[in-house]
Amino acid sequence: MKIPHKIVILLLVFTSILKAQDYKQRFQTIDIQHYKLALEVNDTTNSINATMQVLLKFKKNVPAFELDLVGKDSVSGKGMIIDSIYQNNVNVSFTHTNNKITIEPKHPFPGIAYTYTIAYHGIPKDGLVIGKNMHGDRTFFGDNWPTRAQHWFPCVDHPSDKATVEYIVKAPNHYQVVANGYLLEETNLPDNLKLTHWKTTVPLPTKVMVIGIAQFAVQNIGETHHIPVSTWVYPQTKEQGFYDFSIAKKVLSFFIENIGEYPYQKLANVQSKTRFGGMENAGAIFYFENSVTGEQNHEDLIAHEIVHQWFGNSASEIDWPHIWLSEGFATYLTDLYILESKGQKAFQKRLENERNTVLNFFKRKQSPVVDTKTTNYMQLLNANSYQKGAWVLHMLRKKLGDSTFRKGIKIYYQKYKLKNASTADFQKVMEEVSGKNLTIFFEQWLYKTVHPILKTNWIYHTNKVRLIVDQIQETAFDFLLDVELIHPDGTSEIKTIFVQTKSAPFVIETTGPVKEIKLDPNTQLLFELATN
Ligand SMILES: [Zn+2]
C-alpha cells in the first residue's frame, strides 16, 4: 500500500489489537480453510446483519479455540454482538470478551474440517467504513490492513492463516458490489434489494480481503494474459477515472511477464475511501478518492499496488516484521517498471529520492528493516519497509547481476506463491540461485539499523590515486564502491573498489591527472557522506 503524507499522523494513533506472540499458539491449534460471509447492509442504519460460516481444521484436540471479532463497546455503541454459534448444525458454547470469541468445539478430530456458523450484527467501528464519499453518496468500503478485518467479520486476523473467501451481499439495488475473486451471481430481489455473490478460488490473507458497495461506473477494459481488467469509479467523474485506470492493463502485462502468472481471477481498480493512498486488496485494488484526476498521474501508484498481487498478497510475509517482503518488493519492482517505461534517468532519479528518504528517516529513528520490536503495525509503514527494502533489492541486483536477480525473484515467487515466507526464506532462494553466500549482505542491510557513513581523502600522484575510505559508523560494512575519477579535460573513468574494513587505503591506477573524484556515480550504494 501507499500512504499519502497528510494522513500519516492520524494513522499513528492506531494500535494493534492482538500481539503476534498470541497467534503462535493459535496456529498450532486451528487452520482456517474457508470463510463464507453473508452480509446485509441498508440505507437507514449503519448496522450490518451477518452470518459467517468458517470452515476450519483442528491441528490437535483442544477444549477451546479462538477467533478475532471486535465486540460492542458501551462507550461508542459500535462493535459486533454475536447472536448464535453452531458447529455444523449443533449449538456450541462460546464467550466473546476482549474482542476474542472463545468457542468450545464438540468432539473435534484433528485433520477433519468443521463448519462454525456465527450469526452476528452491529455497527462496525472500523474495517468496513460506512459513510459518504466525496460526492456525498453513501458507500461501504472494506479497509482491513493490518488487523481491521476483525471489526466486521470473525477470523484469524493474521497474514499467515490464509483461506479462500466468498461474500454474499444483500444491499439496496442502486448499489454495485465489488470484491475479491470472480462474480458468481448478481440477482435482483424483491423490495428493491440485490444479491451479489463473489468468490475466490485461491486462499488470501485477511489483510487483503475486501468488499466495496457503492454507486459505481464500471468499465471493462479487456483482458491481458486471460485476466479481465476493469475500472470501478464514482459516476460523477467516470470519464476521468476510466482514462486514469486504463493504463492498468499494460502494467499488469509487464508484471505477469516479469514475475510469473497472475494469482487471481481478475483485476479491478477501484476508487474508494481507503485510508491509504492505495490498498492492494487481492484482485480488487482500492485507491484513494482523489486518485481520479483525468491526467494519468498515478502510474507508479498503480504499478506499486499491482506488484503487491504477487508480493504481499500471494507470496506473503510470514509475520509483520518481514513486511519489507511486501513493501520493499512493491517499491523496487515499480522502480524496475519505470526503468522499462521511462528509462535509466527516471529510474536513477527515483533511487536517489528513495535513498534520501532512507537517510532522513534514519536521522529520526534507528531501527532495522526486519523490526521485531515494533508492535504498532502502522508504524512499520516507514522508509525502512519501503525505500530501504527497495534499496536492498537494488544492491542485491547489482551484487548478483541483473539476470540472476530476476531469475531469483521468479523462483522465490514460484516457491512461496499462495504461501508465506520469511526474510531467511528469501535469502535461501537467492543463495541457491546465485551460488553465493549472502549471510553478510542480509545481516548488514536488513538486521542492522545503520548504513555506511563514509569519509574520504585522496591525492593524485603519477597515474595513481591514493584514496583512503573511512567508515565512521560503528561497525564496518562490506560493499563494492564505484569511484569516478574526473580528469581536467572533463573526461572520466569509473573504477570499483571493495571496501571491507573501518579504514582502508586504496591505490587506483588511472590514465592521467585527476581533478575530482565522485563516489557512486551510478547510484548503486546506500550510503551517506560524513559531514565534517
Ligand atoms: Zn505497498
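Guide: Two residues are in contact when heavy atoms lie within 4.5 Å. Before we use that, some ground rules: residues are numbered from 1 along each chain as its sequence is written, and side-chain values use heavy atoms, with hydrogens and water left out. You're looking at a predicted model, where local features need pLDDT of at least 70, side-chain atom pairs count only at pLDDT 80 or more, and totals for chains, interfaces and linings use all residues.

Visitor: Is Ile306 buried or exposed?

Guide: Buried means under 20% relative accessible area, exposed over 50%, and partly exposed in between (1.4 Å probe, protein chains only). Ile306 has a relative accessible area of 0%, which means it is buried.

Visitor: Now the metal. Which protein donors does the zinc ion have?

Guide: Donors are N, O and S atoms within 2.8 Å of the metal (3.2 Å for Na, K and Ca), and since water is not among the atoms, sites may look incomplete. For this zinc ion they are Met1 (N), Met1 (O), His304 (NE2), His308 (NE2) and Glu327 (OE), at 1.9 to 2.5 Å. Along the chain they read M-x302-H-x3-H-x18-E. Met1 comes in the segment before helix H1 (8-11) and His304 in helix H5 (residues 299-307), so this pair ties together parts 303 residues apart in sequence. Met1 and His304 are both buried.

Visitor: How do I read a helix pair? At what angle do the axes of H8 and H10 cross?

Guide: Axes are lines fitted to C-alpha atoms, for helices over the stretch in contact, and angles run from 0 to 180 degrees between N-to-C directions. Under 35 degrees counts as roughly parallel, over 145 as roughly antiparallel, 65 to 115 as roughly perpendicular, and the rest as oblique. H8 (residues 384-400) and H10 (residues 423-434) cross at roughly 20°, with axes coming within 12 Å, so the two are roughly parallel. Leu393, Leu396 and Leu400 of H8 meet Phe426, Met430 and Ser434 of H10. By class that's 5 nonpolar, 1 polar and no charged; Ala, Val, Leu, Ile, Met, Phe, Trp, Tyr, Cys and Pro count as nonpolar, Asp, Glu, Lys and Arg as charged, and the others, Gly among them, as polar.

Visitor: And what about H7 against H8? How do their axes cross?

Guide: The axes of H7 (residues 344-364) and H8 come within 9 Å at roughly 125°, which makes H7 oblique to H8. The contact includes Phe347, Leu351 and Phe361 from H7, and Ala390, Trp391 and His394 from H8. Its make-up is 6 nonpolar, 4 polar and 4 charged residues. As for H8 itself, 15 of its 17 residues are buried. Just past H8, Gly401 takes a positive phi of about 95°.

Visitor: Which hand does the crossing of H7 and H8 have?

Guide: A crossing is left-handed if the near helix is turned anticlockwise from the far one by less than a right angle, and right-handed if clockwise. H7 and H8 cross left-handed, while the crossing of H8 and H10 is right-handed. H10 with H11 is right-handed as well; that pair packs at about 145°, axes 10 Å apart.

Visitor: Where is Glu443 found?

Guide: In helix H11 (residues 439-446). Glu443 has 39% relative accessibility, so it counts as partly exposed.

Notes: Helices (H or I, at least four residues) and strands (E, at least two) are DSSP runs, numbered from the N terminus.
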